[in-house]
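User: Hi, could you walk me through this structure, one piece at a time?

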Amino acid sequence: MTMQAFDIAVLGAGAGGLFAAGSLSGKNKIIIEGNRKPGLKILASGGGLCNFGNQNISGADYFGANPRFCLSALAGFKPDDFLALLRRNKLPFDARPDGRLFARKSADILNMLLSRIDGKTTRFEYGNKIKKVRKEGGIFEILTDKNIFHACKVICALGGLSRPQLGASRAAYDIAADFGLAVTPRYPALTGIIFDDATRAVCGPIAGISCRARVKCGGRIFTDDILFTHRGLSGPAVFQLSLYGVKGRQISADFLPDTDVSALLAANKTRAQKPSALLQGLLPARLLQALLGGNDAQLANLNKNQIAAVLRALNNFTFTAKDICGYDKAEITAGGVDTKEISSQTMQVRAVEGLYFCGEALDISGRLGGYNLHWAWASAHAAARAINKDL
Ligand SMILES: Cc1cc2nc3c(=O)[nH]c(=O)nc-3n(C[C@H](O)[C@H](O)[C@H](O)COP(=O)(O)OP(=O)(O)OC[C@H]3O[C@@H](n4cnc5c(N)ncnc54)[C@H](O)[C@@H]3O)c2cc1C
């Protein structure tokens, strides 16, 4: 074991940690990371294209026990500020019509974040799993599985529980709890939903099929692509729904949200055609077959109950979410370090001078579409700005 002292220790070389380290002006900094490489989640983000932000960001895109907590940091660092960094580095990006901002490749974002960090004043310590952080005599002691480091200030950017295979751990929550902070209940979010057993029996065979649908749980409604998996549903519309703790609740799906199926059936009720033929081209044939089952008979022969069953299957397909997919699949962790005890301007723990939290570890979750990475940038920026002022 070695003992070293630094002005600032940044815990975690993920989105928040790297952005904070690149924004800090201190002379003697260290970044401590459990993985052998930085930014593994950034590399995996956006399917390799890193959806690093969104042109339309407001407090309404974020959730948590106190979602207003994010407002100050969002006001201090805007999507345009990140775009300015990309432009300065001559990095191309794509703005999609719905506002989502993508890199051409995720590695561009990671390399830019690394290039902002001054190698002369910053030590990178990879392969160090943080076990504990203590404060004694005004100095923080950071214990890893290999070393003990000392620092005057600590930015805890250790992320959430999602994707342990990419380095995620519960370290941020344990550190918060050791310093007396509350941690709100956590659950995997931006992830797939698992069908109840009966629905799984019907839909399991159509795994791999995707379509546009309107999915609904309680008052939450999302219209976007969905994907049938072996266990349930995945895809953007379902990911958005998973933010609201849907486990055990009833979910309904409208597979033809833009078509008046009832009117279409009524207009063709005397024909020999089957519903699957009538709706051909609107939905994949195998999906129609699975949904319609025994009710896919000639329209002229369908009784009232069968027509109602066809409409239910297509416009109001209901099932119970037996569960949601776990942290190994989820993009984020909802819930986290309680923001009540943290300054929304500086991200500093009110009762512990010099200890800052940023990113996903906090009880702030963004919806799908670049909002979580933007939160990592904005909250890290707020912490770094406060520390720079102090130094
Ligand atoms: C597959 C996938 C795709 C995603 N795509 C997008 C996207 O396109 N757009 C978007 O906005 N969001 C996306 N997200 C979410 C986004 O990546 C995260 O919200 C964001 O990275 C959080 O930043 P963070 O710095 O708080 O945590 P992280 O980026 O997770 O960084 C935390 C770092 O701490 C390290 N660490 C954890 N525990 C320890 C320990 N005990 N000791 C030492 N180091 C430790 C981790 O290895 C990691 O490097 C995606 C997530 C996943 C999993």
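**A proline and its surroundings**

User: Is Pro 236 buried, exposed or partly exposed?

Analyst: Pro 236 is partly exposed, because 19 other C-beta atoms lie within 10 Å; a residue counts as buried with 20 or more other C-beta atoms within 10 Å of its own, as exposed with 12 or fewer, and as partly exposed in between, with C-beta atoms placed from the backbone. This is a predicted model, in which local features need pLDDT of at least 70 and side-chain atom pairs count only at pLDDT 80 or more, while totals for chains, interfaces and linings use all residues. Residues are numbered from 1 along each chain as its sequence is written.

User: Which helix is Pro 236 in, and what is it in contact with?

Analyst: Pro 236 belongs to helix 8 (residues 236–242), where helices (H or I, at least four residues) and strands (E, at least two) are DSSP runs numbered from the N terminus. Apart from neighbours within four places in sequence, Pro 236 is in contact with Asp 224, Asp 225 and Leu 368, contact being C-beta atoms, placed from the backbone, within 7 Å.

User: New topic: which residues of helix 12 are buried?

Analyst: In helix 12 (residues 304–315), the buried residues are Val 310, Ala 313 and Leu 314. They lie on the same side of the helix, because they cover an arc of only 90° around the axis, the arc being that of the directions from the helix axis to the C-beta atoms. On the other side of helix 12, Lys 304 and Asn 305 are exposed.

User: What do those buried residues pack against?

Analyst: The buried residues of helix 12 pack against helix 9 (261–267), helix 10 (275–278), helix 11 (285–292) and strand 17 (317–320).

User: And where does strand 17 stand in its sheet?

Analyst: The sheet is an open one of 7 strands in the order 17-16-13-14-15-12-18, with antiparallel pairing, and two strands pair if DSSP finds at least two bridges between them. Strand 17 and strand 18 (323–324) are at the edges with a single partner strand each, so one side of each has no neighbour in the sheet. Strand 17 pairs with strand 16 (residues 250–254) in the antiparallel sense over 4 bridges, and Gln 250 has Thr 320 in strand 17 as its bridge partner.

User: Last one: which helix supplies the largest share of the shell around the ligand?

Analyst: Helix 13 does, with 4 residues.

Definitions and conventions: The expected span of a helix is 1.5 Å times one less than its number of residues. Two residues are in contact if their C-beta atoms, placed from the backbone, lie within 7 Å.
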